[in-house]
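Please find my notes on this model below. They are meant to be read with the coordinates open.

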Amino acid sequence: MTDAIRDGTTQGQLTLTRREMLAAAAAAAIAAACSPALPSGGGPTGGSTAPVRGGIARLPIFNEPFPLNPIISNELSSLLVRRSLYSYLTRLDPVSKRPVPDLAKTWEVSPNGLVWTFNLRDDVSWHDEMPFTAEDVKFTFEQILEPKNTSVERTNYLDMTKIEAIDKYTVRFTLKNPLMSLPVISGATVGIVPKHLLEGKDLRTATSFNNEKPIGTGPFKIVSVVPGSHVEMAAYDKFYRGKPFLDGVVWKIVPDVNARFAQLKAQELDYMTIEPSQLQGIQGDSRFTLTEYAAPEYTYFIPRHGTPIFSDKRVRQALVYGLNRQAILDVAALGKGTLMVGTIPPALKDWHNSALKPYPFDPAKAKSLLDEAGWTAGASGMRAKGGTPLKFEISVDTTSAIRRQMAVLAQQMYRDIGMDASIKEVDRQIYSQMLQQKTFELNISNTPHSWDPDTQRRFYITNGGSNFGAYTNTKVDDLLNRGVQEVDVEKRKALYRELQEVMYEDVHVVHGYHPTELRVTSTKLKGLPDLPLRDVMTYMDTWWLEK
Amino acid sequence: MLVVVTATFLLVHLAPGGPAILLDPALDPADAEILRTRLGLDRPLIEQYWRWLADVVRLDFGSSFTFDRPVIGLILERLPATMLLGGVSLLFALAIAFPLGIISAKYRSSWIDQLSSMVTLAGISIPNFWLGIVLILIFSVYLGVLPSSGMSTPGRPVSVVDVAQHLFMPALVLGLATMASIAKYTRSSVLGVLKQDYVRTARAKGLKERLVLTRHALKNALIPVVTVIGLWLPRMVGGAVVTETIFSWPGMGRLAISAAFQRDYPIILGVTLVVSTVVVFTNLLVDLVYGYLDPRIRLD
């Protein structure tokens, strides 16, 4: 899930070439196309009037959304379309941020946390009007666990040993270890697919289903798919929560962030997640509503643990004390975010440890920690230990102007305390390869977080699949394992609070900030709950357009 | 052509990074290996190359890593949009460039020549991503008279008028640089021909200036211009990456650039093969046109 947002945020702001400067000027021209002083929206866009039926909402995606099969695709554009095409066992409650019923009416777990039983709705039909049953849920999870499908979701369910359709509308999962986050992660990731259309097929080559006519149980069904252009969906009359208010949805493929913004301004789009630098262009325009969310996401620096420099906790602490993160947030993201204090974002209210406070910017403390660790400053001001210079590379991918700017600012701040930091900008695939092969030194990353803290295990347990920094800490390993398997909610909370304290003190990553998601919608578009991009799309049956 | 595709094959496989589908951080390393095997990327490079070449001979360009679909289908889906955009922009460019170049040469150093120079200089110099955004601002955001992107309005039946409205701005952006380039070549070529002895002879015979231009000068002046047009023609197939991206035009350029970012080898190779084929045939066509325009070339 790391860096899964691939929306091609590109606006030149750094050391610019002539071409980049012109691109930035073009972006600025769009941003300046509007004027000042917006009553900065906030709050739900529900309005007070009663919903009306009709209209087609036009929404952007960033890439071709194929394959539209939830078992084999992890691409954001595909996910956004799939959110209203398929249904999930659960979905996220906008207020409590906890899972609430969707395809599952109720669920229960055995006292030992090893057996989960989901009772399903009996009034659900597929878009081809075939009935939905427990066999479809069983089939979906079996396909996720089938190694030849190489599903990105498989690692979430490796402890699942048995999946049974008890009766037509009851499904039971048996696990070898407790997985208390099952209702959350199944709601976030697993769109249920139709057994009657996919049974016996190789999912990766089921081209017709994956790319042309996927069938789901969601509020909107596919009408047409025009490669390179758009995906058209129509309301499904027999949707189990009632026919959606909108007649349909058009997903327009618009890879360029400036082109997306121009389309929004030309009222060819009704929804867009904008960049902080685009705020100026939206302010004062009464045709749009701006809503800001503290999304469960963070932008941070991953040190490669185990290297001579970063294996020393004092050096890692110096990396945090020496970084003026508020200045970075203000300059790179125009202040749209909050400083990161722990590994679990504040958006996960139940799990975040609010007792922790952000590390202060304290260059003197950073210098003293480095001195203490034996990295002393030479005549040039740069530090070394036993002839080894304190020198490292900050790697950053070129797709995000914000992260590129963070790299430049951090480089200067680290040089000020005697760390000889350089910057390595690489394209996305090289960046991903560096992460997987752990060939970076200090890496700037962005990670959306799930709504349950269990995700932490994969990122920070020793040898975890997504532990890119090769972090290892026996105390952390113990807490992560116990957190995932603890059945009692209050005890789980306590374990995760302790985990955050340990990781905070150990500086497992160099804290950055939690970006604020900036959603701009047409003022005519109503009925959207207060949820970030990925989750608000599961409520598209409640969206409506004012006449 | 074989050299081009072989070089491309080597470059894409040896470039740092790798297929995005294998580098998804959410993918378990063991599953990534299964996928690598399935895609045939675990085999020696030379074996991958021979297999790919053998398939290409049978017109099988393989399947896209990203879409799990045959590359030939992906290319054929996007080819009409790219050819429409490229063709219209080239026609637009030719329709303006020829008269502009000829008039500039005929009235050399006059105000009309200077104006033409300014227009062509601007056409060559203005980056198309900047011009595209400015046109969108003017025609879509402020005036609201033209759609800013796509090839047709989603949800409505496709009509000629609708497509023409969508086509106007991208064709203008793409055609402007082509027009400027061809106009400049036409001007200098016509100027060169007008100084030739046979033109002086034609004038001495008392032919009207219009006839001197059309019968004697223009055909010979076309030779370097045809070369330039020949260079632009492959774009009609290869697509214009920047213009297609700005205007969300569903063409080959976007397919190619997206494949490059995703390291989708089969698409990169398929597009390269198609474009290099067009380049070879365009060069052949240009050579044939040379012979028509100047029979001496045929004798050579």
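The points below cover the chain contact, one hairpin and the domain contact.

1. Basis. This is a predicted model, in which local features need pLDDT of at least 70 and side-chain atom pairs count only at pLDDT 80 or more, while totals for chains, interfaces and linings use all residues. Residues are numbered from 1 along each chain as its sequence is written, chains are lettered from A and ligands numbered from 1 in the order in which they are written, and side-chain values use heavy atoms, with hydrogens and water left out.

2. Extent of the chain contact. Chain A contributes 55 residues and chain B 46 residues, where contact means heavy atoms within 4.5 Å. About 4,400 Å² is buried between the two chains, 56% of it from carbon and sulfur atoms; buried area is the accessible area (1.4 Å probe) that two parts lose on being put together, summed over both. A:Thr150, A:Arg204 and A:Gln429 supply 14% of what chain A buries against chain B, more than any other three residues.

3. One joins A:Arg204 to B:Asp68, at 3.8 Å from N to O.

4. Make-up of the chain A side. Elements giving two or more residues to the side that touches chain B include α1 (18–31), α7 (257–265) and α12 (428–437) of chain A; helices here are DSSP runs (H or I, at least four residues), and strands are E runs of at least two. The largest share, seven residues, comes from α1(A). By class, this side of chain A has 22 nonpolar, 18 polar and 15 charged residues, with Gly counted as polar.

5. Strand β8 (residues 220–226) of chain A pairs with β9(A) in the antiparallel sense over six bridges; pairing requires at least two DSSP bridges. A:Lys221 stands opposite A:Ala234 of β9(A). Three residues lie between the strands, and A:Gly228 in this hairpin has a positive phi near 80°.

6. Domains of chain A. The assignment, automatic or from a database, gives domain 1 (3–212 + 524–545) and domain 2 (297–517). In chain A, 30 residues of domain 1 touch 29 residues of domain 2, and the two domains bury about 2,400 Å² between them, 49% of it on carbon and sulfur atoms. How many salt bridges are there between these domains? The count is zero.

Technical notes. A salt bridge is a side-chain nitrogen of Lys or Arg within 4 Å of a carboxyl oxygen of Asp or Glu.
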